[in-house]
Amino acid sequence: MYKGKFKVITGLGNKDKNKVKDLVLIWMKAGADIFDTSIEVMPYIQEEAKKAGFNLDDYIFCVSIPIEGDIHGKKAKIIKDKCNLCNLCKKVCVDNAINPPFVDELKCIGCSRCFDVCGNNAIKMYDDKIAFEKPFDKNIKLDMVEVHISIDDIDKIKKDYKKIIDVFNDRNVTISVCLNRKCFSNDTVIKLLSELKEMTNKPFIVQADGNPMNGANEDIKSTIETLAFGNFVKNLGYEVVLSGGTNKYTAELAGKMNLDCSIGFGSYIRKMTDNKDKDEAIKIAFDFVKRTKELLNAKQC
Ligand code: SF4
Ligand code: SF4
């Protein structure tokens, strides 16, 4: 259903409407297929895309919702009296969301890079409140709802997952489960996916989040885990989208593995077009989408 597609992940926590809009319009123009945003910005994105002359039916729209505790639903906060303004956190933030002692909540995607480098324990990660209980206006095009899971409490996962998917019962959507590889053994992945699939009668796919929030790294190591995890999930019989550590190597390696899948790119492509002149950004994006789809769809043997 979604094989060979290019997915743009704008960042579940990225609620800077204008920044997300600029990114989405560039990648729409460049030929990307699936657009995955937070639930809060989706209506605005679609309104702006229509104004810019895009036909929404040519694209697939996905909203991402975290189960409480999921890393994608976190935000960073600086505890001012512990911060010595050394700026180490600012240097590692790829989303320009931190300027000590302040964090721009709209831009922060909760990657925790700042948390990891702060030697003063001055950064606290907290769960953002997501308002997903109100279903979308029917005029908002919605093709997919993605539930993000990176906690290991199975009972809580199933309870929260049900609460989320029930909100979209009357919508004709695919349910996507984004599973963080680092949280589960193979046996738990097998059991959990089977149970989550059973809980819905809608089309069901899996986003294999191999190395969450590491796509900003330009190396093969970053993407190996998502390929291995994607292959594992694929062999269980699920349709797969790769994410987490996806970068310029992912499509080539997925093609070589004959891993019929789609690829979601997040921070890697956000960095690629950031601070570029619009035409230059579209050209860069177009070339990357074209190359990715060619490699993904090339049968190696
Ligand atoms: S790394 Fe820690 S101490 Fe340094 S500026 Fe950031 S929050 Fe403050
Ligand atoms: S480094 Fe990550 S968690 Fe920290 S402020 Fe930037 S986006 Fe937020």
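Here is a walk through the structure, from its overall layout down to a few single residues. What you see is a predicted model, in which local features need pLDDT of at least 70, side-chain atom pairs count only at pLDDT 80 or more, and totals for chains, interfaces and linings use all residues. Residues are numbered from 1 along each chain as its sequence is written, while chains are lettered from A and ligands numbered from 1 in the order in which they are written.

Let's start with the layout. The protein chain splits into domain 1 (6-69 + 138-297) and domain 2 (73-127), with bounds that come from an automatic or database domain assignment. Their centres, taken over C-alpha atoms, are 25 Å apart. Where they meet, domain 1 supplies 15 residues and domain 2 supplies 10 residues; contact here means C-beta atoms, placed from the backbone, within 7 Å. On the domain 1 side, you'll find four nonpolar, six polar and five charged residues. For these classes, Ala, Val, Leu, Ile, Met, Phe, Trp, Tyr, Cys and Pro count as nonpolar, Asp, Glu, Lys and Arg as charged, and the others, Gly among them, as polar.

Next, look for the barrel. Eight strands close up in the order β1-β2-β3-β8-β9-β10-β11-β12, with parallel pairing. From one strand to the next, the twist averages 25 degrees. (Strands are DSSP runs of E, at least two residues, and helices are runs of H or I, at least four, numbered from the N terminus; two strands pair if DSSP finds at least two bridges between them.) Take β9 (residues 174-180) and β10 (residues 204-209): six bridges join them in the parallel sense. Within that pair, V177 sits opposite V206 in β10. Helix α7 (residues 220-235) packs on the sheet, touching β10 and β11 (239-243), and its direction makes about 170 degrees with that of β11. Such angles run from 0 to 180 degrees between N-to-C directions, using lines fitted to C-alpha atoms, for helices over the stretch in contact.

Now for the ligands. Ligand 1 has 14 residues around it, with C83, C86, C89, P100 and C118 coming nearest; a residue is near if its C-beta atom, placed from the backbone, lies within 6 Å. That shell holds 11 nonpolar, three polar and no charged residues. Ligand 2 is also surrounded by 14 residues, the closest being C93, I98, C108, C111 and C114. Its shell has 10 nonpolar, two polar and two charged residues.

Technical notes
Contact = placed C-beta atoms within 7 Å.
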